Amino acid sequence: MLKAMRASQTLIPTLKETPAEAEVASHVLLLRAGFIRRVAGGLYTWLPLGLRVMRKIEAIVREELARFGAQEIQMPVVQPADLWRESGRWDVMGPELMRMRDRHERDYAMGPTHEEVVTDLVRRTVDSYKQIPLNVYQMHTKFRDEIRPRFGLLRAREFLMKDGYSFHLDEASLDRTYRDMYDAYTAILKRIGVDFRVVEADAGTIGDGESHEFQVLAESGEDLMAYCPNSGYAANVEKARALAPEPSDERPDSLGKVATPGARTIADIAALLRVDPARCIKTLIVRGAEGPWIALVLRGDHELNETKAARLPPVAAPVTFADDAEVEAATGCPIGSIGPVGLELPVYVDRSAAAAANCVCGANEEGFHLTGVNWSRDFADAEVVDIRNVTEGDLSPDGCGELAFARGIEVGHIFKLGDKYSVPMRLTLQDGAGVETALIMGCYGFGISRLVAAVAEQCHDDDGIVWPASIAPFNVHILALDYANPDVAAAADSLYDACIDAGMDVLFDDRDERPGVKFAESDLLGIPHRITVGARSLARGLVEYKRRADTERVLLTPAEAVSRIASD
């Protein structure tokens, strides 16, 4: 990578105004600073400065992965449908999988991920257990046909991702590599210099086991995390747990039945009977995986976590709610009057609801509710599960304090895949004892292009981006005010050469522009160090130095400025 560029010869198409298409800070700033340009919805061209940032991230990722023996490969973007049919995902993946046909009418997909291709690679090339464990990765373009691409690089259709895959004969080996990749991703983000959190996560449709996300903290982040400030516990809200509640020690009231005409919601019931919504019970009817319907029961003040519910074997995934007619056909009463007591459906009750006492629930009769409902006495046949969203103030599952919430941008996700792909694709090896064994896999994704946006989202101020030095497009921005002045030109050129000789990445603004334009654009670009060469200070043998993250400007000799940057 070139270590120096002159602005007069570099494509940096900055914008004064905020583009109408941009909704979040990173999108605004990356467009205004000339790092990217939109081609179509979710598709972007990377311009010279943006590409420099991305390449620096790639270099850090490669260095950290090399410490753990990961080997780089490159697989095709276009993948044959036959491999996806083998794994069973061709018919499972939704419209985000871009499908196409070639001139021979053969089906292909534009790869959103590469589990099938890498599994096929290993079964064709690895023929001895002595070659296992194996950890390979690539940095490659991915395409996912997002229904609504938005937020610039944060939810693009085409993006650059590092995706890695490991292969093992046993769980202990997978555990070691999983931990290595956890440590590698942690080291990457620490080197880049962003504030981040590692959280427990749901593996979704790709994985089938343990999973962690790496979240760059940002108020604009789409992901909500629950964490305990007093401990290391953190999880995506899809996965987050609270401490299991102790059963209530209240004396059970007798079961009663009251008329509740027109009361159909928790708010209606709470107001009519003058009870706390936490004392109310709501029953949701969802489609079963095999049987027709399943009842899910929660406290009235809690919300169903559909990701947790979909993990219950009897529940169809994704969770599908019964409509009004289906509810009435399944229960004999309309929505708003359903309750778990006497309900002739399989019932799964959230553990917070099961721990409550003397509650109110539907009586399975229109216009009536039951009072004094208690779990152990009145619907003990239900199975107790964790199916609710946690709330701020819930006790952390490790018992170390209350849960707090924060928002983040997911830039990395690691999974334990188990044999989800190796069994259907017949990836087996004989182990050391001669036993034919299906290999187990891990998967490790890291969003390179998304991280560029995540850093900009976290690291900016009112004037522009404030790049961490580790990935800034350049380390030093030299501004020559009135470059047509021979004295200014000579001093600026000399300073330019001195910075290059000191091993610095330098952008030299030698353009014929007003000082105000140069200062504004320098702040917008966010290069960590700025040296301004102007006739007035130069008459005293000095230049002006400023760190992008600071407000202070100091006058130094050119040599002092170079030394200051070198020692920073």
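Axes are lines fitted to C-alpha atoms, for helices over the stretch in contact, and angles run from 0 to 180 degrees between N-to-C directions. Helices (H or I, at least four residues) and strands (E, at least two) are DSSP runs, numbered from the N terminus. The model is predicted: local features need pLDDT of at least 70, side-chain atom pairs pLDDT 80 or more, while totals for chains, interfaces and linings use all residues. Residues count from 1 along each chain as its sequence is written, and side-chain values use heavy atoms, without hydrogens and water.

**Exercise 1.** Describe how helix α2 packs with helix α5.

*Solution.*
1. Find α2 at residues 48–66 and α5 at residues 171–192.
2. Their angle is about 145°, and their axes lie 9 Å apart.
3. List the contact (heavy atoms within 4.5 Å). α2 gives I57, I60, V61, E63, E64 and L65; α5 gives M181, A184, A187, I188, R191 and I192.

**Exercise 2.** Describe how helix α1 packs with helix α11.

*Solution.*
1. Take α1 (residues 25–32) and α11 (residues 448–458).
2. The angle is about 105°, with the axes 8 Å apart.
3. α1 is therefore roughly perpendicular to α11 (65 to 115 degrees).
4. A25, S26 and L30 of α1 meet V452, A453, A456 and E457 of α11.

**Exercise 3.** Which residues of helix α15 are buried, and which exposed residues does the face turned away carry?

*Solution.*
1. Buried means under 20% relative accessible area, exposed over 50%, partly exposed in between (1.4 Å probe, protein chains only).
2. In α15 (residues 558–567), A561, V562 and I565 are buried.
3. They cover an arc of only 95° around the axis, which puts them on the same side of α15. The arc is that of the directions from the helix axis to the C-beta atoms.
4. The face turned away from the buried side carries the exposed A559, A566 and S567.

Note on methods. Parallel < 35°, antiparallel > 145°, perpendicular 65-115°, else oblique.
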